[in-house]
Amino acid sequence: MVQRVAVIGGGAAGLCALRHLTARPEQFQAVAFEQNSRVGGTWIYTTNIGKDENGLPVFSSMYKNLRTNLPKEVMAFPDFPFKKGPPSFISHEEVLQYLEDYAIHYKLYQYIKFQTIVQTIRPLTGDNFTSWEVTYCPVKERNQSCRELFDAVIICNGHYSVPLYPDIVGLKDFAGHVIHSHDYREPESYTDLHVVCLGAAASGQDISMDIALKAKQVYLSHDKPFLTTDLPSNVEQRPGIKCLRRNSVIFNNSEEVEIDALILCTGYRYSFPFLTEECNLRIEEERITPLYKHLIHTQFHTLSFIGICKTICPFPQFHSQVRFVLSVLNGSLMLPSREVMDHDTERDYQTRLEEGLPARHAHTLGPLQWNYNDDLSSMAKFEPIPRVVQELYDYIHHHRKNHLSTYKDMNYELIDDKTFKPIQSCK
Ligand code: FAD
C-alpha cells in the first residue's frame with residue numbers, strides 16, 4: 001500500500017526527505033509544507049529582523065558576509081556534488097543556489113505547498129495503527145485552516161531560529177546595544193565600537209571575526225579553554241560574563257571593560273509548536289525524548305525528526321537519516337522494542353554525562369557523528385557516507401583550531417572516496 005507522508009519544512013532536511021520519498025512512488029506519496037515562498041530554510045538571507053513581511057518571526061539566522069564553515073566538498077549531499085573548483089568555503093547565496101538546484105534536479109517543487117504554515121500535528125490512534133492529522137493554513141490567511149490525514153510525518157523544521165537567551169545579571173540596566181546572533185546581519189553598524197561577543201561556538205567565533213572588520217575592539221567572551229589560534233589584532237578573548245553595568249561588562253576574572261554593544265552568541269532552542277500533547281514529545285534542557293538515534297519517536301515509529309543533531313556535517317547526515325527513516329517506514333528495517341530503544345538512548349545519554357558533557361548537549365555528536373552515521377547505514381543496509389567526508393571534515397576541524405582567521409582561504413579537491421588534497425590558496 002502506498003503511504004502518504006507529510007514533510008514539515010523545505011530546508012535542506014525537508015528537500016532531502018522529499019528527494020528520497022519521491023524516488024519510491026510505489027511506496028510513498030509525499031507532500032511538503034513550507035511557510036516561506038522558496039526552498040532553502042536557514043540559507044535564505046534576509047535583512048529583516050523581528051517579524052517578516054507576513055508578521056511571522058524572522059526564520060533565518062544568516063548574516064550578509066557569511067561564508068560556510070565547512071568546505072563545499074564535504075557539505076554536499078552524497079548524491080549531488082556542488083559545482084567543482086574553488087572556492088571551497090562559499091557564500092550563503094551559493095548554498096541557497098545549490099539547494100534550489102537540488103530541488104530542480106530531483107523535480108521536488110511539484111510536491112511542496114509553499115507559504116503554508118503547519119499549525120498542528122496530532123496522532124489518531126486506532127487498533128494497531130496510528131495516522132496523523134495535519135492542519136495547516138496559508139501564511140496570508142491564517143484563519144483558513146485545512147486538515148489532511150497522513151500515514152507518517154517527517155519533521156524537518158530546523159533548530160537555528162528560536163534564540164536561547166542567557167540570564168545575565170544587570171542585562172536590563174545595560175545601556176548599550178544588545179542582540180542575539182539570530183538578529184546579527186552585518187558589521188557596519190559596529191564601526192569603531194567596543195563589542196563583546198558572548199559564546200565561542202561556531203557563531204561566536206565567526207561573528208567575532210566578521211565584526212572585527214569594523215569594530216574598534218572585540219572581546220570574545222566564553223568559559224571554554226581559550227582558543228589557541230591566530231586572531232585579528234582587535235580581537236581578544238575573555239572569560240564569561242559575571243555581570244553588566246550601565247556602560248560596562250565585568251568578566252568572570254573580575255576585569256571591568258567599557259563596551260558599547262553585546263552580541264549573545266548563546267545558541268538556539270528546539271521548538272515544535274505544532275506538535276499536540278498527544279505526540280508525547282518532551283524537551284528538557286534541550287534534550288528531546290523519546291527519540292531513538294536522535295531520529296525516531298519510540299512510541300510512534302511513523303513520527304521522525306531529521307536534523308536534530310548538532311556539531312555535525314549536516315547534509316550528508318540528513319541523507320543517511322532520511323534513508324534510515326524510509327527503511328523503517330517501508331518495513332525493510334525492523335526496529336527493536338520500545339524498551340530496548342529507550343534503554344539505548346538513555347545509555348548513550350548517561351555516557352555523555354559521565355564524560356562531563358552538560359545535559360543540554362544530549363544531541364551534540366562531534367567526533368561521534370561518524371560511528372552514528374555508520375550505524376544508520378549498517379542497520380538499514382545502505383552505502384555509508386564516503387570516508388573522504390570524514391577525512392576532510394576532521395582535517396578542517398583541526399586546521400581551524402590553529403588558523404581561525406585564515407582557514408577559509410584554503411581550497412580542497414576530492415581525489416577519490418578516501419582522499420582529498422588541498423589546492424592553491426585564493427589569496
Ligand atoms: P532549516 O534550514 O532551518 O529549514 C527548516 C524549514 O522549515 C524552513 O524553511 C522553515 O521555514 C520551515 N518551517 C519551520 N516551521 C514550519 C511550519 N510550522 N510550517 C511550515 N514550514 C515550517 N551547515 C553547513 O553544512 N555548513 C555551514 O557552513 C553552516 N553554517 C551555518 C551558519 C548559520 C548561521 C546557521 C544558522 C546554520 C549553519 N549551518 C551550516 C547549519 C544549517 O542549519 C544546516 O546546514 C541546514 O541548512 C539545516 O537544514 P534544515 O532543513 O534542518 O533546517
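This is a predicted model: local features need pLDDT of at least 70, side-chain atom pairs count only at pLDDT 80 or more; totals for chains, interfaces and linings use all residues.

Modeller: Residues are numbered from 1 along each chain as its sequence is written.

Colleague: How far apart do the C-alpha centres of domain 1 and domain 2 lie?

Modeller: Domain 1 comprises 3-162 + 268-387, and domain 2 comprises 171-264; such bounds come from an automatic or database domain assignment. The C-alpha centres of the two domains are separated by 32 Å.

Colleague: How many residues of domain 2 are in contact with domain 1?

Modeller: Two residues are in contact if their C-beta atoms, placed from the backbone, lie within 7 Å. On this criterion, 7 residues of domain 1 meet residues of domain 2, and the number on the domain 2 side is 9.

Colleague: Is strand β10 largely enclosed or open?

Modeller: A residue is buried if 20 or more other C-beta atoms, placed from the backbone, lie within 10 Å of its own, exposed if 12 or fewer, and partly exposed in between. Strands are DSSP runs of E with at least two residues, helices are runs of H or I with at least four, and both are numbered from the N terminus. His194, Val196 and Leu198 point one way from β10, Val195 and Cys197 point the other way, and all are buried. Because 5 of the 5 residues of β10 (residues 194-198) are buried, the strand is largely enclosed by the rest of the structure.

Colleague: Which residue of β16 stands opposite valine 196?

Modeller: Strands pair if DSSP finds at least two bridges between them. β10 runs parallel to β11 (residues 217-221), with 5 bridges, and there valine 196 faces tyrosine 219. β10 also pairs in the parallel sense with β16 (residues 261-264) over 4 bridges. In β16, the residue opposite valine 196 is leucine 262.

Colleague: Which residue is joined to proline 290 by a cis peptide bond?

Modeller: Most peptide bonds are trans. Proline 290 lies in the loop between β19 (287-289) and β20 (291-292). The cis bond, with omega of about 0 degrees, links proline 290 to threonine 289.

Colleague: What is the phi of asparagine 280?

Modeller: Asparagine 280 lies in the loop between β17 (268-269) and β18 (282-284). With 15 C-beta neighbours inside 10 Å, asparagine 280 is partly exposed. Although asparagine 280 is not a glycine, its phi is positive, at about 55 degrees.
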